[in-house]
Amino acid sequence: MPSRRAVTFIAGTGLIVAGAIPAIAGPLVTGPLVQVSGTSPFLGCTADGIDEQSGTVYLNSEVEPWLDVNPADAGNVVGIWQADRWDNGGARGLVAGVSQDGGGTWQQVVIPDITLCSGGTYDRATDPWVSFGPDGRLHQLALSFNDVAPPFEPRDFDHALLASYSDDGGLTWSDPVEVIRDLDANVFNDKQTITADPTDPDLVYAVWDRLVFPGSERASVIAGFVTQAFSGPAWFARSTDGGVTWEAPKEIYDPGMRDQTIGNQIVVQPDGTLVNVFNEIRNDNRGGRRGNNVAVMISEDQGVTWSERIFISRLGTIEITDPDTGDPVRTGDIIPDIAVNRETGALYAVWQDARFSGGQFDSIAFSQSLDGGLTWSEPIEVNATPGTVPAGNQQAFTASVQVADDGTIGVTYYDFRNNTPSATTLPTDYWLVHCHPATPASCADEANWGAEVRLTNAPFDMRLAPFALGFFTGDYEGLSNIGTDFAAFFSQSHGTDPASTFFRAAG
């Protein structure tokens with residue numbers, strides 16, 4: 001996402017009651033930590049005029065990974081990431097990691113024709129996302145755009161959301177199709193996600209925020225420094241032929257002038273109902289909700305019509321900083337994540353929130369809905385970061401949530417618990433905590449969360465990560481499941497690489 005802060009208005013087990021089934025399962029067993037990404041496939045590329053673009057590029061950096069598992073072949077696991085990240089927005093291309101053996105081994109596949117380095121026409125791409133349909137067709141949606149730095153040329157404002165699909169598990173890809181394209185200097189389509197409908201292989205959904213702002217601010221959006229926009233409504237498009245063609249995109253929610261949505265993401269309930277989660281960022285204080293708010297909208301007709309916005313909770317992030325230097329750490333602080341139980345339709349949402357610490361630092365908030373998204377439980381803290389470490393080291397961030405086939409809910413996040421004050425490094429780890437609901441309401445009680453497992457083998461140095469409005473591994477990280485096992489896909493600095501993608505299963 002070129003401007004994630006974009007437009008600011010714009011372990012333990014649980015208690016066991018005699019005769020009851022404990023809500024938490026026992027500790028999970030982790031598989032080996034597998035490095036997925038390798039040397040960047042774009043190192044030899046000269047087509048994008050790398051030395052003539054603005055900003056600093058972090059070669060051999062792989063950030064913001066996402067992951068999905070083929071429902072027709074559980075051994076086929078595919079992730080995607082930004083490769084060679086720029087500090088002022090986007091990357092030189094997007095790369096898929098393809099596994100045919102459940103994550104044991106991987107190969108890199110460039111997503112073709114979305115940037116100059118991959119055979120396309122745009123300088124950069126960002127916001128990688130993949131989703132498998134029920135027939136095994138894999139879909140991706142990229143935001144491709146041009147570097148914008150004065151002096152401007154007409155082509156600078158050209159950007160598009162480009163969708164393509166793979167029928168061989170991610171090894172080869174169709175030609176990309178434009179879901180939306182704009183040359184208008186006053187708009188920018190941002191932070192898109194794509195969801196293949198698990199109930200119908202012909203249906204695929206895309207959703208994003210469409211920022212509208214003064215033309216004078218346009219270059220700053222790409223650079224990532226815009227602090228004001230006129231609006232940022234949620235837009236939607238769908239394919240009814242398995243991603244071959246796309247219907248005309250449309251606005252589905254307008255939060256109003258000087259307000260915006262961000263982090264739109266659709267999940268599909270067992271009956272085919274769509275639920276779109278997002279952060280509604282308000283510049284005014286209507287209803288006492290100025291700032292960030294987690295919300296959903298519901299469609300019972302595959303996206304033709306949508307409900308009114310349903311409020312879940314305030315999103316009370318105070319953002320993440322290096323506990324020793326105060327430098328910013330760019331995280332998923334304004335991006336909620338959502339998951340659905342494919343058997344029961346129960347919905348689960350997570351996000352960063354400082355409410356549990358009295359506003360001192362961010363933790364991971366969790367809320368659930370058992371009625372299709374109409375009402376939501378009171379948020380609880382689910383990360384297991386020790387309260388015995390200094391407050392700065394208790395910061396937990398970039399949460400992901402997923403439901404395994406047995407109904408167990410898993411949540412992943414980073415924290416600094418193993419940090420010791422240092423002038424040179426910032427030790428950081430990645431964790432998974434889970435709850436196995438004994439009753440539908442069990443996991444709304446934080447006492448039923450636990451059995452945390454560490455997904456990193458050892459702390460990595462966050463200060464080595466690409467610096468893009470802060471030390472950056474991604475606005476989101478991937479979490480899926482292979483049957484009853486969780487499949488985590490995340491970025492961390494590694495050796496001399498600013499960031500590499502890794503896979504680990506736990507179950």
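Reader: Which residues do ring pairs link into a cluster?

Author: F397, Y414, F416, Y430, F460, F490 and F502. Two rings of Phe, Tyr or Trp (its six-membered ring) pair if their centres lie within 6.5 Å; planes under 30 degrees apart count as stacked, over 60 as edge-to-face and the rest as tilted. The structure holds 19 aromatic pairs. This is a predicted model, in which local features need pLDDT of at least 70 and side-chain atom pairs pLDDT 80 or more, while totals for chains, interfaces and linings use all residues. Residues are numbered from 1 along each chain as its sequence is written, and side-chain values use heavy atoms, without hydrogens and water.

Reader: Why is the pair of Y414 and Y430 called tilted?

Author: The ring centres are 4.5 Å apart and the planes stand at 50°, so the pair is tilted. Y414 belongs to strand β27 (residues 409–415) and Y430 to strand β28 (residues 427–435), so the pair ties together parts 16 residues apart in sequence. Strands here are DSSP runs (E, at least two residues), numbered from the N terminus.

Reader: What makes the pair of Y414 and F460 edge-to-face?

Author: The angle between the planes is 70°, with 6.0 Å from centre to centre. This pair links distant parts of the chain, since F460 is in strand β30 (residues 460–461), 46 residues from Y414.

Reader: How do you know whether Y414, Y430 and F460 are buried or exposed?

Author: Buried means under 20% relative accessible area, exposed over 50%, partly exposed in between (1.4 Å probe, protein chains only). Y414 has 0%, so Y414 is buried. Y430, also at 0%, counts as buried, and F460 at 4% counts as buried.

Reader: What makes R124 sit over the ring of W86?

Author: The test is that NZ of Lys or CZ of Arg is within 6 Å of the ring centre and within 35 degrees of the ring normal. The charged end of R124 is 4.1 Å from the centre of the W86 ring. R210 likewise lies over the face of W235, at 4.7 Å from the ring centre.

Reader: Why are β20 and β31 said to stand at the edges?

Author: Three strands form an open sheet in the order β20-β21-β31, with mixed pairing. β20 (320–321) and β31 (471–472) each have a single partner strand, so one side of each is left without a neighbour in the sheet.

Reader: How do you know that β21 and β31 pair?

Author: Two strands pair if DSSP finds at least two bridges between them. Strand β21 (residues 328–330) and β31 have two bridges, in the parallel sense. In β31, F471 is the bridge partner of V329.

Notes. Helices (H or I, at least four residues) and strands (E, at least two) are DSSP runs, numbered from the N terminus.
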